[in-house]
Amino acid sequence: MKFCGIDLAVKRPSTFGVLRGDIIEVYEGDEDLILQLCATSEIVAIDSPLSYSKGFRDVDKQMIKRGYRVLPPSWMESLVAKAIKLSNLLRGTVIETHPTSSLKNIGLDWRRYNVKKDVIDAVVATLVSLFYAKGEAMEIRGLDGAIYLLPKKKIEIFKLSKNIFTFLE
């Protein structure tokens, strides 16, 4: 099975990870490359709201109640539009994630990896897609959707090379 996690961007190339076995390879590119490499993924986790709102959605309010810091979709309308368009083009199940909150759950500081935050966000989003498939992702649900995070447990991420990572639970 193949899993994909996307740290979506609007003004620069997006960063995304593809999990095969226990290896996550991170790429940077446009929508065409994302579609090419993630098209056959069972689950795709996207770091972006997957619905519009004029302020905070109910699911965002649920995240805030639990101590997570999120922004409302109205602050990033072009990103939301891109995420919705991409989610409609992908074949697998597409879920919304928030890598910063997942990092908080597992107690990891992205700066220790000596890479751009986008890279770690893509790795974490990819892991969320795997944990979702295993039925182990934390679900924060509101009246208008759900955000999936890594569970609050020990998960170690290891950098093997510039764009190759692995993990241990």
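Start at the loop between helix 4 (99–106) and helix 5 (117–133), and select Asn114, which lies there. Keep in mind that this is a predicted model. Asn114 is not a glycine, yet its phi is positive, at about 55°. Is Asn114 buried or exposed? With a relative accessible area of 70%, Asn114 is exposed, because the cut-off for that word is over 50%.

**Next stop: Thr15**

Select Thr15, in strand 2 (residues 14–20). Thr15 has 2% relative accessibility, so Thr15 counts as buried. The cut-off for buried is under 20%.

Now show what surrounds Thr15. Which residues is Thr15 in contact with, leaving aside neighbours within four places in sequence?

- Gly5, Ile6 and Asp7 are among the contacts of Thr15.
- Val26, Tyr27 and Glu28 also belong to that list.
- Asp118, Val119 and Ala122 complete the list for Thr15.

While you are there, colour helix 5 (117–133).

**Next stop: the disulfide**

Select Cys4 and Cys38. How many disulfides does the structure hold? The structure holds one, and Cys4 and Cys38 form it. Their sulfur atoms are 1.9 Å apart. A disulfide is a covalent bond between the sulfur atoms of two cysteines.

**Zoom out: the elements**

Switch to a cartoon view. The protein has five helices and nine strands. The elements run β-β-β-α-β-α-α-β-α-α-β-β-β-β.

**The whole protein**

Along its principal axes the trace spans about 40 × 35 × 30 Å. What radius of gyration would a compact globule with 169 residues have? The value would be near 15 Å, and the protein has 15 Å, which agrees.

Colour by accessibility next. Of the 169 residues, 54% count as buried. Then turn to contacts with a separation of 6 or more: residues 24 or more positions apart account for 65% of them.

**Last stop: surface and charges**

Show the surface. The protein exposes about 8200 Å². Carbon and sulfur atoms supply 53% of that area. Finish by colouring the charges. There are 25 positive and 21 negative charges, and their mean positions are 4 Å apart.

Notes
Residues are numbered from 1 along each chain as its sequence is written. This is a predicted model: local features need pLDDT of at least 70, side-chain atom pairs count only at pLDDT 80 or more; totals for chains, interfaces and linings use all residues. Side-chain values use heavy atoms; hydrogens and water are left out. A disulfide is a pair of cysteine sulfur atoms within 2.5 Å. Helices (H or I, at least four residues) and strands (E, at least two) are DSSP runs, numbered from the N terminus. The radius of gyration is taken over C-alpha atoms; the globule rule is 2.2 Å times the number of residues to the power 0.38. Buried means under 20% relative accessible area, exposed over 50%, partly exposed in between (1.4 Å probe, protein chains only). Contact means heavy atoms within 4.5 Å. Accessible areas come from the Shrake-Rupley method with a 1.4 Å probe; for residues, only the protein chains shown count as cover. Lys and Arg count as positive and Asp and Glu as negative; His and the chain ends are not counted. The place of a charge is taken as NZ of Lys, CZ of Arg, CG of Asp or CD of Glu.
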